[in-house]
Amino acid sequence: MTTETMEAPAVTAPTATPPHPLREFWGYFSANRGAVAGLAVIVAVVLLAVFADVLAPHSPYITDTTIALKPPFWQEGGSIAYPLGTDPIGRDILSRLIYGARLSLLIGIIVVTVSIVFGTILGLIAGYVRGMTEIAIMRLMDIVLTLPSLLLAIVIVAILGPGLINSMMAVALVILPHYVRLARAAVITETSKDYVMAARVSGAGALRLMFKEVLPNCTAPLIVQASLGISTAILDAAALGFLGLGAQPPSPEWGTMLADAREFVLRAWWVVTFPGLAILITVLAFNLLGDGLRDALDPKLKR
Amino acid sequence: MRAVDGVSLKLEEGEVLGVVGESGSGKSVTMLALMGLIPFPGRVKADKLAFNGRNLLTISDRERRKLTGKDVAMIFQEPTTSLNPSFTIGFQLTETLRLHEGMDRKAARRRAIELLEQVGIPSPESRLSAYPHQLSGGMNQRVMIAMAIACNPKLLIADEPTTALDVTIQAQILDLLMTLQKERNMALVMITHNMGVVADTAQRVMVMYAGQIMEERSAADLFASPQHPYTAALLAALPERSEGGRLATIPGVVPGLYDRPKGCLFSPRCAYATEHSRNVRPALRPWAGGQIRCHYPLGDPERDAHIKKDHLVGTEAAS
Amino acid sequence: MIRFILTRLSLLIPTFIGITLVAFFLIRLVPGDPIETMAGERGIDAARHEQLKKEFGLDQPLLVQYGIYIGRVLQGDLGKSIVTRESVLTEFQNLFPATVELGVCAILFALVLGIPAGILAAVRRNSIFDHGVMGLSLTGYSMPIFWWGLILILLFSVQLGWTPVSGRIDVLYYIEPVTGFLLIDSLMSEEEGAFLSALEHLILPTIVLGTVPLAVIARMTRSAMLEVLGEDYIRTAKAKGLSRFRVIALHALRNAMIPVVTVIGLQVGVLFTGAILTETIFSWPGIGKWLIEAIFRRDYPVLQGGLLLVGAIVMSVNLLVDLTYGLINPRIRHTR
């Protein structure tokens with residue numbers, strides 16, 4: 001009789017069961033209009049990048065000085081064939097931007113992947129081994145954090161030489177400390193918890209412990225940090241491109257395009273405006289997404 | 001979502017009211033509403049909210065602020081987090097005095113020292129320049145009390161004033177509060193989940209459950225013959241009333257956001273619940289010199305008949 | 001407090017040694033022979049090569065070389081620029097005030113706008129103003145400032161003609177550097193219009209460099225305020241009957257500023273990164289432009305010395321911020 005009556009209230013209240021975690025997550029996430037907008041923009045940029053060959057009206061590389069510096073189509077002298085105008089050597093800006101999306105996304109994803117993999121491994125080692133190893137790793141990360149990120153990237157590029165790959169490595173190193181710190185903090189808090197203790201007692205090895213027990217528990221902050229990391233990577237790589245240290249012309253990398261366009265700022269506003277706008281929109285989208293993810297995943301902020 | 005509803009309560013000058021209930025029963029929220037301190041995005045919808053003949057619902061914010069902290073004061077559960085960590089005790093104490101009493105720096109300082117003395121803080125002068133983190137929890141609660149009584153309030157609300165303190169300090173703080181109450185003839189509302197504290201201090205008791213008043217009567221009557229099954233269960237859970245060495249407990253938990261019962265809020269845990277009380281929420285009504293929210297008050301002579309008629313389904317109280 | 005300073009200092013030493021190591025290996029990691037790297041593209045004859053190798057101690061083991069390097073650094077000898085043959089330290093000292101002037105203006109710009117915006121956004125939480133501030137600050141945070149600078153030039157210099165395009169002051173004026181800060185020097189020079197010209201030249205670079213810190217400070221102020229406003233002591237302050245303004249501007253702000261100060265300190269690194277870009281865009285003769293030019297001229301001693309000096313400055317500012325943090329947060333002051 002007792003159990004029967006204890007179950008009764010669940011029946012009397014119609015909205016009794018709390019929602020499923022994933023649905024709850026989507027509920028929080030989709031309530032954040034900025035985050036949804038960010039996600040939509042990212043999907044659009046990904047589609048542009050994937051279908052660049054089909055979508056771009058022209059080749060991003062073929063030059064034609066007869067049509068140099070054509071303004072966008074809505075301005076006098078512009079034509080719909082080159083919707084956003086052409087650059088000083090007659091390349092279609094829209095096509096270059098579309099191909100640039102491919103580069104920027106690749107940069108963001110590769111840089112963050114490399115950083116997450118190395119950062120997590122270093123962080124796990126530091127958090128698990130402790131002692132001198134930990135001190136050495138964390139001090140190294142402190143140095144990376146202390147030096148201004150672009151200065152460090154410049155130094156690395158100075159050693160390795162300019163270029164897209166080298167600049168990506170430089171940016172990967174610059175954002176590395178975030179992941180190391182995250183992973184290490186996660187290991188230290190998680191290993192002190194009972195369930196890890198229990199797993200250890202039941203004979204789980206260190207590696208198994210790390211990958212089966214600890215890592216899944218820091219995925220939420222890692223996902224957030226990855227989203228924000230992609231935006232940093234795109235921005236920093238573009239900055240290096242702008243300084244002439246990243247991707248080299250004629251690559252349609254957005255920052256590199258801006259570097260080429262700089263001297264035409266007085267004559268042709270469009271060659272300067274659009275590549276930067278593309279960077280801003282993409283970076284903003286990833287930041288919005290990251291913010292939305294953090295708010296939706298962080299139970300502390302749930303009210 | 002309603003944190004508190006259907007609360008009706010009156011307090012006379014110099015009276016000590018105990019408000020009891022489990023955690024989350026809406027005791028504090030009720031009193032915060034009275035102080036105008038309901039945090040965002042909460043709102044107060046009351047038919048009447050008056051103090052000393054003034055309607056608190058219609059006066060301006062400015063008018064209201066002249067009352068709060070002066071005529072109505074409040075102390076809180078966590079003394080250490082309730083004091084601002086970035087300012088000295090002296091600053092926080094004199095601030096009230098300068099605001100409500102218009103004292104200058106010197107006068108306020110003198111009065112602050114007096115107040116600290118009254119609440120039993122040793123070498124008060126040197127404490128003025130201390131920060132809250134440098135004092136113990138008990139000392140901080142004394143400071144909070146000094147701050148609250150600084151402007152001779154007519155009503156002092158103490159929200160679980162001893163819960164966060166060491167057991168040995170608890171009695172001292174209660175003594176202090178009661179002494180101050182008698183000396184100044186303040187009305188005092190003592191919010192607590194500790195029936196023992198109420199028994200020692202209150203003249204009248206209000207028992208709250210899930211945001212509603214369950215019973216409200218004079219302390220003596222309530223302790224002698226509780227009328228609400230919930231009150232009875234609370235009293236049975238007191239260590240000094242336990243029979244045979246085992247503590248009585250109330251089965252189940254306070255209903256949460258998603259599982260509020262349709263009928264009486266206590267019915268899922270009530271030993272005397274019926275089909276009727278499961279489906280129809282009882283109203284708060286006058287009863288035996290106080291108020292009650294129950295279909296079947298324990299002192300009702302026709303109680304058994306009512307329960308029988310309504311078909312008993314209640315939970316066996318574990319004992 | 002003294003112990004607090006000493007612990008902080010001792011924490012910095014390994015980091016500083018690390019930075020000297022990075023700077024030391026910079027020249028040695030560049031592919032090719034360090035002497036030829038240092039000599040630049042003109043090349044060098046064999047005898048001179050040997051002599052220089054001895055002079056720089058490059059024939060010694062690495063550890064000894066590092067020792068020699070540290071010894072020189074401690075004496076203030078950071079080597080000579082390959083291009084100008086000028087001491088790196090002297091060049092740095094000449095250019096540094098320009099960067100500081102720009103950086104200070106930028107951070108002031110960010111503080112003056114960011115803190116009030118963050119406070120108001122927190123107080124009027126979820127209002128249109130709050131959403132506006134948050135949207136704008138996220139945009140500012142995402143801003144490619146090298147593009148932002150070009151757009152502002154396009155708008156204010158090219159279209160409207162309000163502000164000059166580049167440089168620190170109009171070429172008409174020659175101001176003898178006294179403090180190195182042109183705003184001050186131009187005022188003291190009593191040359192008519194010099195101060196205004198210097199001010200004009202500062203506006204756009206200040207906005208460009210201040211944009212990211214502004215965004216960060218506004219966001220941080222807002223979230224710190226929101227957190228503090230939920231604290232028990234704010235409830236106490238309200239229960240005292242204090243005015244809303246006093247509760248927010250005194251009781252809440254004092255506590256909310258503690259994390260904000262830390263963030264401001266962290267912006268110093270961001271400012272240097274920004275300065276490199278901003279100075280490049282506006283031809284601002286400061287450290288950032290100097291370092292970028294050094295890369296393209298393969299002027300490795302400049303890069304090496306600059307890296308070391310910038311690292312040391314960032315560390316010192318971080319230390320300073322830590323100490324300020326101790327000053328405004330009594331809990332730290334007393335417990336350590």
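A residue counts as buried under 20% relative accessible area, as exposed over 50%, and as partly exposed in between (1.4 Å probe, protein chains only). This is a predicted model, in which local features need pLDDT of at least 70, side-chain atom pairs count only at pLDDT 80 or more, and totals for chains, interfaces and linings use all residues; side-chain values use heavy atoms, with hydrogens and water left out. Residues are numbered from 1 along each chain as its sequence is written, while chains are lettered from A and ligands numbered from 1 in the order in which they are written.

**View 1. Chain A is built from 13 helices and zero strands.**
Helices (H or I, at least four residues) and strands (E, at least two) are DSSP runs, numbered from the N terminus. Chain A reads α-α-α-α-α-α-α-α-α-α-α-α-α along its sequence. Its radius of gyration is 25 Å, well over the 19 Å that the globule rule gives for 303 residues, so chain A is more spread out than a compact globule. The radius is taken over C-alpha atoms, and the rule is 2.2 Å times the number of residues to the power 0.38. The C-alpha trace of chain A spans about 90 × 55 × 30 Å along its principal axes. Of its 303 residues, 50% are buried. Contact means heavy atoms within 4.5 Å. In chain A, 70% of the contacts between residues at least 6 apart in sequence join residues at least 24 apart.

**View 2. The surface of chain A exposes about 14100 Å².**
Carbon and sulfur atoms supply 68% of that area. Areas come from the Shrake-Rupley method with a 1.4 Å probe; for residues, only the protein chains shown count as cover. Chain A carries 20 positive and 20 negative side chains. The centres of these two sets lie 5 Å apart. Lys and Arg count as positive and Asp and Glu as negative, with His and the chain ends not counted. Each charge is placed at NZ of Lys, CZ of Arg, CG of Asp or CD of Glu.

**View 3. A cis peptide bond joins A:Pro249 to A:Pro250.**
Its omega is near 5°. A:Pro250 sits in the loop between helix H11 (219–242) and helix H12 (254–261) of chain A.

**View 4. Chain B contains 13 helices and ten strands.**
With 319 residues, a compact globule would have a radius of gyration near 20 Å, and the 21 Å of chain B agrees. Its C-alpha trace spans about 70 × 50 × 35 Å along the principal axes. Buried residues make up 52% of the 319 in chain B. Among contacts in chain B with a separation of 6 or more, 64% link residues 24 or more positions apart. The accessible surface comes to about 14700 Å², and 50% of it belongs to carbon and sulfur atoms. Chain B has 37 positive and 34 negative charges, whose mean positions are 6 Å apart.

**View 5. B:Leu235 lies in helix H11 (residues 229–236) of chain B.**
B:Leu235 is buried, at 2% relative accessibility. Leaving out residues up to four places away in sequence, B:Leu235 touches B:Met195, B:Leu222, B:Phe223, B:Pro226 and B:Arg241. B:His193 is 42 residues from B:Leu235 along the chain, and their C-alpha atoms are separated by 11 Å.

**View 6. B:Ser277 belongs to helix H12 (residues 275–279) of chain B.**
B:Ser277 is buried, with a relative accessible area of 6%. Neighbours within four places in sequence aside, its contacts are B:Gly263, B:Cys264, B:Ser267, B:His295 and B:Tyr296.

**View 7. B:Ala288 has a positive phi of about 45°.**
B:Ala288 is not a glycine. It occupies the loop between strand S9 (285–287) and strand S10 (290–292) of chain B. B:Ala288 is partly exposed, with a relative accessible area of 44%.

**View 8. UniProt lists a domain and several transmembrane regions in chain C.**
UniProt positions are given in the numbering used here, feature names are shortened, and annotations may be inferred rather than shown by experiment. The unreviewed entry gives "domain: ABC transmembrane type-1" for residues 96–321 of chain C. Those residues are 80% helix and 0% strand, with end C-alpha atoms 20 Å apart. The "transmembrane region" residues in the unreviewed entry include 100–123 and 144–162. Residues 100–123 are 100% helix and 0% strand, and their end C-alpha atoms lie 34 Å apart. Residues 144–162 are 79% helix and 0% strand, with end C-alpha atoms 23 Å apart.

**View 9. C:Ser283 has a positive phi, near 45°, in a residue other than glycine.**
C:Ser283 is in the loop between helix H11 (244–282) and helix H12 (287–296) of chain C. C:Ser283 is partly exposed, with a relative accessible area of 33%.
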